[in-house]
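Hi everyone, thanks for coming. Please have the viewer open on your screens, and we will walk through this one together.

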Amino acid sequence: MTDRVKGKCVLITGAAGGLGQAMALRLLEEGATVALTDLDTAAVEALRDRLLADHPGRVFAFTHDVAREEDWVRVVAEATEDMGGLSVLINNAGIGGELRYAEADTLDNWRKVQAVNIESIMLGCKHAMPHLRASAPASIINISSVAGLAAAPGMGAYNATKAAVWMYTKTIALEAAKQDWNVRCNSVHPVFIKTPILDPFIAMAGGDEAKAHERLTRGIPLKRIGEPDDVAWCVVYLASDESKFVTGSEFKIDGGMLAQ
Ligand SMILES: NC(=O)c1ccc[n+]([C@@H]2O[C@H](COP(=O)([O-])OP(=O)(O)OC[C@H]3O[C@@H](n4cnc5c(N)ncnc54)[C@H](O)[C@@H]3O)[C@@H](O)[C@H]2O)c1
């Protein structure tokens, strides 16, 4: 605990999920105040209550559907007020959607994945930016995936959204830099990390988690899938002023997969 993000006010979407929880914990331990937001009210409020025990006064929770603009307007305003500012936005909420080849895909599946994985990030950047500017130096951290940099059969909707997150991040970084706002924007690209988002792969392996993990590990030079903390520590760096000269960049957390 070295107060790397002391005084930072951080909003994390999809915070009740595997990666969101790990980010929240590490950011709190390093001194931040956090607003946890999620579609799942019970889960995000339970997480808040658990974290408040060790970090009194520094954890807030909100029900938030990132695909809905009115939710963004409400949550950003209330979280900024509760925390006393907004210096970091972590666009983390995301869904895998259905694994389907193109002929079997549906427009409903495609649109749902687009709404949650990329339209949400446009809405978040738009509505958080005035508050981030007011709290600068500020940082936007967009959680993409290795699937935004390399494709896989059956993952068309997910690949397309995560690639869009990668490029949109650079647009926002350049817009903010051009206007001297001191708001940085970077993307993070994890490979398979052990969270509930991997459940469809376990189902495909007949419910055998070890077998699913063994399959997912095959293309990873470091020979394991990731842990939520592998991503959380990168996020702490990007949230902190240690990364003050870093913007428009992508950070692969992939055990060497895309080095091949
Ligand atoms: N775990 C991995 O292997 C992995 C790899 C690469 C990228 N990612 C990305 O990391 C991010 C977090 O994933 P995770 O592994 O923690 O997944 P997760 O399934 O554990 O958590 C996702 C969270 O997002 C919430 N959510 C879903 N739809 C929402 C909506 N419309 N509005 C608000 N919240 C919503 C869920 O309730 C859940 O709490 C996602 O963007 C995912 O694409 C994960």
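Let's begin at the ligand, with V66: one of its backbone N or O atoms lies 3.0 Å from a nitrogen atom of the ligand. Please keep in mind that this is a predicted model. Now move over to G18, where a backbone N or O atom sits 2.9 Å from an oxygen atom of the ligand. G17 takes part as well, with a polar backbone atom 3.1 Å from a ligand oxygen. So much for single atoms; let's look at the surroundings. How many residues are around the ligand, and which come nearest? There are 28 of them, and the nearest are D38, N92, Y158, I193 and T195.

Next, zoom out to the domains. The protein is divided into two parts: domain 1 covers 9-191 plus 228-253, and domain 2 covers 194-225. If you look at the numbers, domain 1 is written as two stretches, with domain 2 falling between them in the numbering. Taken over C-alpha atoms, the centres of the two domains are 24 Å apart.

Where do they touch? On each side, nine residues are in contact with the other domain. Between them, domain 1 and domain 2 bury about 560 Å², and 75% of that is on carbon and sulfur atoms.

Between the two domains, the count is one salt bridge. D230 forms a salt bridge with R224, and their closest N and O atoms are 3.0 Å apart. On the domain 1 side that touches domain 2, the elements giving two or more residues are α1 (18-29) and α8 (228-239). Sorted by class, that side has five nonpolar residues, three polar ones and one charged one.

What about salt bridges in the whole structure: how many does a search find? The answer is 13. Here is one of them: E242 pairs with R4, with the closest N and O atoms 2.8 Å apart. This pair links distant parts of the chain, as R4 is in the segment before β1 (9-12) and E242 is in the loop between α8 and β7 (250-253), 238 residues away.

The peptide bond joining A136 and P137 is cis, with omega at about 5 degrees. You will find P137 in the loop between α4 (107-134) and β5 (138-143). The other detail is D180, which is not a glycine and yet has a positive phi of about 55 degrees. Look for D180 in the loop between α5 (156-178) and β6 (183-190).

Note on methods. Residues numbered from 1 in each chain as written. Predicted model: local features only at pLDDT ≥ 70, side-chain atom pairs only at ≥ 80, totals over all residues. Heavy atoms only, no water. Domains from an automatic or database assignment. Contact = heavy atoms within 4.5 Å. Buried area = accessible area lost by both parts, 1.4 Å probe. Salt bridge = Lys/Arg side-chain N within 4 Å of Asp/Glu carboxyl O. Helix = DSSP H or I, 4+ residues; strand = E, 2+ residues; numbered from the N terminus. Nonpolar A, V, L, I, M, F, W, Y, C, P; charged D, E, K, R; others polar. Near = heavy atom within 4 Å. Polar contact = N/O pair within 3.5 Å; in protein donor to acceptor, adjacent residues only side chain to side chain.
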